[in-house]
Amino acid sequence: MGAKRRGAAAPPPGKKRGKREARAQLCAALRDAALREQAAAAWGRGEPLRHEVAAVEPAPFRHGVIPGFLAGPAFAEALRDELLGLGFRGRRNDLLSLRQSEELGGRPEPHVAALRHALCEEFRAWLSAVTQIELEPTIDISCAKYEYTDVLLCHDDELEGRRIAFILYLVPPWEKSDGGTLDLYSTDEHFQPQQIIKSLVPSWNTLVFFEVSPVSFHQVSEVLSEEKCRLSVSGWFHGPSIVRPARHIEAPLPRSPHIPYDHEILYEWINLVYLDMDSQAQIQEEFEERSEILLKDFLKKEQYQLLCEALENKDIQWSSRGPANKRLYKTAEEDSLPDTLKKFLQFLRSEALFLLLSNFTGLKLHFLAPSDEDEDAGEGRAADAAGHSSPKPEQEETEQHTDSNPHQPDQPDNIPEAQDNETQNGSGSPVCAGELRRWTHGHYTLVHDTQATEFALDLLFFCGCEDWDPEYGGFTSYIAKGEDEELLTVNPEDNCLALVYRDKETMKFVKYINHRSLARLKKHPNRTGFWDFSFVYYE
């Protein structure tokens with residue numbers, strides 16, 4: 001990181017302070033030399049030190065807790081009042097939902113300035129002695145308010161130069177049932193978070209600190225109290241950068257070419273309006289203009305009902321899909337699915353659907369689909385996914401490119417052989433990857449730095465989302481890489497097929513499903529969430 005870091009610094013010695021100067025007196029434990037030496041020894045050996053005025057713990061990663069951090073209640077209360085008087089802006093993205101102040105590094109409020117000075121001077125010296133890290137005399141510091149359903153999901157805090165993170169809680173009496181706990185994760189051999197093994201409940205005037213490292217995965221759990229505000233001051237001390245291991249790149253979902261099913265499978269499942277060639281042409285025109293479309297009442301009503309009934313089957317085995325710094329939801333084990341669901345997955349992987357999706361989108365997901373070159377040459381008529389070719393003038397039939405596929409489009413019996421054909425750009429047959437997912441309270445996906453970005457067609461088909469409110473979360477957001485602003489939001493909607501084409505600069509995530517979603521149980525006692533079939537198709 002070449003740019004000079006901006007942070008809060010202690011004022012130079014002897015600088016005259018204003019008349020409204022406040023002084024932050026830290027707890028006496030920080031001036032106890034024997035206790036400091038014990039804490040340093042425990043920290044260095046990776047052993048616990050549990051003292052009523054300060055604790056150091058090695059697991060799941062090194063952290064410490066200092067209750068009564070600020071001496072005397074009056075200062076902490078005045079600090080809280082100053083902080084609540086600041087301007088806060090709402091922040092909402094894949095990772096978090098909260099209200100945050102501006103950086104406190106330059107704020108003139110007397111108690112804020114006094115806290116900043118105490119952290120940069122007395123507390124920094126104590127931390128350096130305990131952790132044996134030479135910490136810089138500047139800090140990043142801000143204030144956050146978490147209210148009902150606010151959350152900060154699993155992350156490791158790693159950024160160039162960050163060495164120690166700290167959080168000072170200024171909360172009302174707080175119970176674990178109020179949510180808002182600081183949850184600490186264990187990690188696996190790939191430095192990926194595994195499970196929460198410790199939850200720290202916020203407590204008035206308590207400071208928590210931890211070492212920022214490749215394994216310092218933590219989250220602020222969702223605030224469940226509708227009355228209380230979780231107010232905290234937090235930030236980082238900086239020091240010499242340390243070598244980080246390479247980020248683990250996980251195996252993607254397996255991709256496979258289409259399976260040989262002809263157009264009959266379309267008639268079995270799909271609302272007939274979508275098999276009309278004029279409708280397909282209209283859909284393609286809209287899709288090519290907007291790169292996305294939502295097709296309502298996509299399946300025949302009776303088939304959709306069978307699908308929903310099958311999804312309620314108690315024999316389906318659902319496994320949790322992580323790691324938590326990338327995603328958390330349930331995915332179905334395909335071997336455990338009832339026949340109706342297995343057949344629907346076959347439909348989503350079928351050759352006939354590949355061709356239909358080509359007609360919907362203009363993408364070349366099947367050899368019968370016209371390529372860009374065909375369209376440029378005036379041959380851009382859609383292939384009939386329902387089993388009949390669009391009529392072509394005789395002259396066009398005889399003037400096809402010599403490298404075009406020899407199969408005649410009016411011979412549906414030839415369709416299964418398409419999986420061995422290469423696409424127009426020579427990259428091999430089109431492929432797809434997908435899964436059946438179950439979404440309930442607490443589930444989400446995150447944008448992450450190892451997320452593959454490539455040209456692809458996303459397909460989402462939703463079930464069981466009647467009366468689902470976007471306020472609950474669970475919607476899929478598309479954003480430009482490096483940006484928070486949403487380009488597109490796809491909300492769950494019953495019997496709807498969403499198609500979205502994304503390029504290499506587009507990322508996506510499913511927004512955290514919050515506690516409000518449980519209100520839906522009043523109308524639907526057995527419906528804790530919804531399902532989707534999530535597939536991606538590649539040309």
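This is a predicted model: local features need pLDDT of at least 70, side-chain atom pairs count only at pLDDT 80 or more; totals for chains, interfaces and linings use all residues.

Trainee: Then Thr-149: buried or exposed?

Mentor: Thr-149 counts as buried, because its relative accessibility is 7%. Thr-149 sits in the loop between β7 and β8 (151-155).

Trainee: What is the phi of Thr-149?

Mentor: Phi is near 75° for Thr-149, a positive value in a residue other than glycine. Most residues other than glycine have a negative phi. Asn-495 also has a positive phi, near 50°. Asn-495 belongs to the loop between β23 (486-490) and β24 (497-502), and at 6% relative accessibility Asn-495 counts as buried.

Trainee: And the peptide bonds: which one is cis, with omega near 0°?

Mentor: The bond from Ala-59 to Pro-60 is cis, with omega near 0°. Pro-60 is placed in the loop between β3 and β4 (63-66). The bond from Gly-322 to Pro-323 is cis as well, with omega near 5°, and Pro-323 is in the loop between β17 (318-321) and β18 (327-332). As background, most peptide bonds are trans.

Trainee: Let me step back. How many helices and strands are there in the chain?

Mentor: The chain has 10 helices and 26 strands. Of its 539 residues, 52% are buried. Among contacts between residues at least 6 apart in sequence, 79% join residues at least 24 apart.

Trainee: How many residues are in the largest nonpolar core?

Mentor: The largest nonpolar core has 47 residues. Those with the most contacts inside this core are Phe-69, Leu-70, Leu-83, Leu-119, Phe-123 and Phe-209. Several elements each supply at least two residues, among them α1 (33-45), α2 (73-84), α3 (110-131), β7 (138-146) and β14 (230-238). The largest share, 10 residues, comes from α3.

Trainee: Which residues does Leu-83 touch, not counting those up to four places away in sequence?

Mentor: Leu-83 touches Phe-88, Leu-104, Val-112, Cys-143, Leu-170, Leu-231 and Val-233. Apart from this core there is a second, separate core of 46 residues, which includes Leu-341, Ala-352, Phe-360 and Trp-531.

Trainee: Now to a helix. Which residues of α6 are buried?

Mentor: In α6 (residues 301-311), the buried residues are Gln-303, Tyr-304, Leu-307, Cys-308, Ala-310 and Leu-311. Viewed down the axis of α6, these residues fall within an arc of 160°, so they line one face of the helix.

Trainee: What does the face turned away from the buried side of α6 carry?

Mentor: That face carries the exposed residues Lys-301, Glu-302 and Glu-309. The buried residues of α6, for their part, pack against α4 (264-269), α7 (339-348), β19 (431-440), β21 (456-463) and β26 (529-538).

Trainee: And α5 with α8: at what angle do they pack?

Mentor: Two packed helices are described by the angle between their axes and the distance between the axes. Helix α5 (residues 277-290) and helix α8 (residues 351-361) pack at about 60°, with their axes 6 Å apart. That angle makes α5 oblique to α8.

Trainee: Which residues meet there?

Mentor: From α5, Gln-280, Ile-283, Gln-284, Phe-287 and Glu-288 meet Leu-356, Ser-358, Asn-359, Phe-360 and Thr-361 of α8. The residues of this contact divide into four nonpolar, five polar and one charged.

Trainee: Last topic, two glutamates. Where is Glu-134?

Mentor: Glu-134 lies in the loop between α3 and β7, and Glu-134 is exposed, with a relative accessible area of 68%. Leaving aside neighbours within four places in sequence, Glu-134 is in contact with Ser-128, His-238, Gly-239 and Pro-240. The C-alpha atoms of Glu-134 and Phe-237, 103 residues apart along the chain, are separated by 9.8 Å.

Trainee: And Glu-77, where is that one?

Mentor: Glu-77 is in helix α2 and is partly exposed, with a relative accessible area of 38%. The C-alpha atoms of Glu-77 and Leu-170 are separated by 8.2 Å, although these residues are 93 apart along the chain.

Conventions. Residues are numbered from 1 along each chain as its sequence is written. Side-chain values use heavy atoms; hydrogens and water are left out. A nonpolar core is a set of buried Ala, Val, Leu, Ile, Met, Phe, Trp, Tyr and Cys residues joined through side-chain atoms within 4.5 Å. Buried means under 20% relative accessible area, exposed over 50%, partly exposed in between (1.4 Å probe, protein chains only). Helices (H or I, at least four residues) and strands (E, at least two) are DSSP runs, numbered from the N terminus. Contact means heavy atoms within 4.5 Å. The arc is that of the directions from the helix axis to the C-beta atoms. Axes are lines fitted to C-alpha atoms, for helices over the stretch in contact, and angles run from 0 to 180 degrees between N-to-C directions. Angles under 35 degrees count as roughly parallel, over 145 as roughly antiparallel, 65 to 115 as roughly perpendicular and the rest as oblique. Ala, Val, Leu, Ile, Met, Phe, Trp, Tyr, Cys and Pro count as nonpolar, Asp, Glu, Lys and Arg as charged, and the others, Gly among them, as polar.
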